[in-house]
Amino acid sequence: MHLTMNWFRLLCCLFLAVSSSASARASGRATILYDAFGNSGHLKKDWGFSVLIEYAGKKILFDTGNDARIFASNAHAMDVDLNDLDFVVISHRHGDHTSGLNHLLKVNPKVKIYAPAELFGAFGSVLPKGFYKTVDTLPDHMRYFDGAEPKAFSSGSPWPEANFVWVDTALEVAPGFFLIPTVSKVSGTLELRELSLAIDTPKGLVLVVGCSHPGVEEILTAASAVNSHVNLLLGGLHLVKTPDSDIESLANALHGKWKIDRIAPGHYWRAGVRQAKTSFWRFLFICRSWISRGYSVRLH
Ligand SMILES: [Zn+2]
Ligand SMILES: [Zn+2]
């Protein structure tokens, strides 16, 4: 009888494990590969952000962190195979989101990488013929290219072999997967371009953000063209030095105006939000449950 009960318990545990794993696969998940906080002992902490998104049969890497060696170590620790990615999204040009490209491109050099379109940016660009003024009366050695203007003028990239796809308008890159471009109007990052990933799910958008330099609400406004209801906002919210009162205003707006169901804040999160005594306690709840689960969160 005792043996039978033990077998019964074992079978129950196996059933629960299998059904919980199947449920996680069905709802999708985000696995944080790079951040500077949390209690997941097998990951190295560093400033920066990277998250692996698995949803609807797609496997997407969003950003690559601040240091290629740490990115490689964390991907290995989380048993993440970077060879079978459907595509990669780089939110913006800052080093704490791009440096892991040096590892990614070693293991998966052909992968398609969506990046913000910007002239003379880190991801390269092509300028139209005639972007500089020519002066025909000058001697050749004083003219660009000795007076022989190239048909197309390209600016370089630290990753010249990478398969970058430049994005400057909202784009559906796979059914239900949208890239949302925004431009910062904020002092310090003026005109910096940033891509966010919006996934349309039956419960609303899963909105993945890198640093939110243009502002969280600016990104939400742009994403509302896809779906005005956000179920989960995940990623960097750029609140490191934001005063408590501003954080509380934002928290109330995200809760009251935008009616976001869940928030999983990461990079550029500010631990002091607890002291802000925000009424939006889900902020903290999701943040803490995310960490305790070993940096993995269900998408819906
Ligand atoms: Zn940044
Ligand atoms: Zn950043």
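Reader: Let me begin with one helix: what covers the buried residues of H5?

Author: Bear in mind that this is a predicted model. The cover over the buried residues of H5 includes strands E10 (177-183), E11 (193-201), E12 (204-209) and E13 (230-235), together with helix H6 (244-257).

Reader: And which residues of H5 are buried?

Author: In H5, which covers residues 216-223, the buried ones are Val216, Ile219, Leu220 and Ala223. Viewed down the axis of H5, these buried residues fall within an arc of 100 degrees, so they line one face of the helix.

Reader: Why would residues spaced like that end up pointing the same way?

Author: An α-helix has 3.6 residues a turn, so residues three or four places apart point the same way.

Reader: OK, on to H6. Which of its residues are buried, and which are exposed?

Author: Ile247, Leu250, Ala251 and Leu254 are the buried residues of H6. Seen down the axis of H6, they too fall within an arc of 100 degrees, so they line one face of that helix. Ser245, Gly256 and Lys257 are exposed on the other side of H6.

Reader: What span should H6 have, and how far apart are its end C-alpha atoms?

Author: H6 has 14 residues, which at 1.5 Å a residue should span 20 Å, and its end C-alpha atoms are 19 Å apart, so the two values agree. Just after H6, Lys259 takes a positive phi of about 50 degrees.

Reader: Which other residues have a positive phi without being glycine?

Author: Asp79 is one of them, with phi near 55 degrees, and Phe145 is another, with phi near 50 degrees. Asp79 sits in the loop between helix H2 (68-77) and strand E4 (87-89), whereas Phe145 is in the loop between strand E6 (125-127) and strand E7 (153-155).

Reader: Are those two buried or exposed?

Author: Asp79 counts as exposed because it has 7 C-beta neighbours inside 10 Å. Phe145 has 11 other C-beta atoms within 10 Å and is exposed as well, since the cut-off for exposed is 12 or fewer.

Reader: Back to the strands. How do E10, E11 and E12 pair?

Author: E10 and E11 pair in the antiparallel sense over seven bridges, and Val183 has Arg193 in E11 as its bridge partner. E11 and E12 also pair in the antiparallel sense, over five bridges, and they form a hairpin with two residues between them. Within that pairing, Ala198 stands opposite Leu207 in E12.

Reader: How enclosed is E11?

Author: Seven of the nine residues of E11 are buried, so E11 is largely enclosed by the rest of the structure.

Reader: You mentioned Leu207; what does it touch?

Author: Leaving out residues up to four places away in sequence, Leu207 touches Ser196, Ala198, Ala223, Val230 and Leu233. Leu207 is also, with Val51, Val89 and Val208, among the residues that touch the most other members of the largest nonpolar core, which has 62 residues. E12 gives the largest share of this core, five residues.

Reader: Then where does Val230 lie, and is it buried or exposed?

Author: Val230 lies in strand E13 and is buried, with 25 other C-beta atoms within 10 Å. Apart from neighbours within four places in sequence, Val230 is in contact with Gly204, Leu205, Leu207, Leu220, Trp258 and Ile260. Its C-alpha atom is separated by 9.6 Å from that of Ile199, 31 residues apart along the chain.

Reader: What unit do E13, H6 and E14 make?

Author: E13, H6 and E14 make a right-handed β-α-β unit, in which E13 and E14 run parallel and are joined by four bridges. Leu234 stands opposite Ala264 in E14. From E14 (residues 262-265), Arg262 and Ala264 point one way and Ile263 and Pro265 the other way, and all are buried.

Reader: To finish, how many helices and strands does the whole chain have, and what part of it is buried?

Author: The chain comes to seven helices and 15 strands, and buried residues make up 37% of its 300 residues. Among its contacts between residues at least 6 apart in sequence, 70% join residues at least 24 apart.

Notes:
Residues numbered from 1 in each chain as written. Chains lettered and ligands numbered in written order. Predicted model: local features only at pLDDT ≥ 70, side-chain atom pairs only at ≥ 80, totals over all residues. Buried ≥ 20, exposed ≤ 12 C-beta atoms within 10 Å, placed from the backbone. Arc of directions from axis to C-beta. Contact = placed C-beta atoms within 7 Å. Expected span 1.5 Å × (residues − 1). Core = buried A, V, L, I, M, F, W, Y, C linked by C-beta atoms within 7 Å. Pairing = 2+ DSSP bridges. Right-handed = clockwise from strand over helix to strand, strands pointing away.
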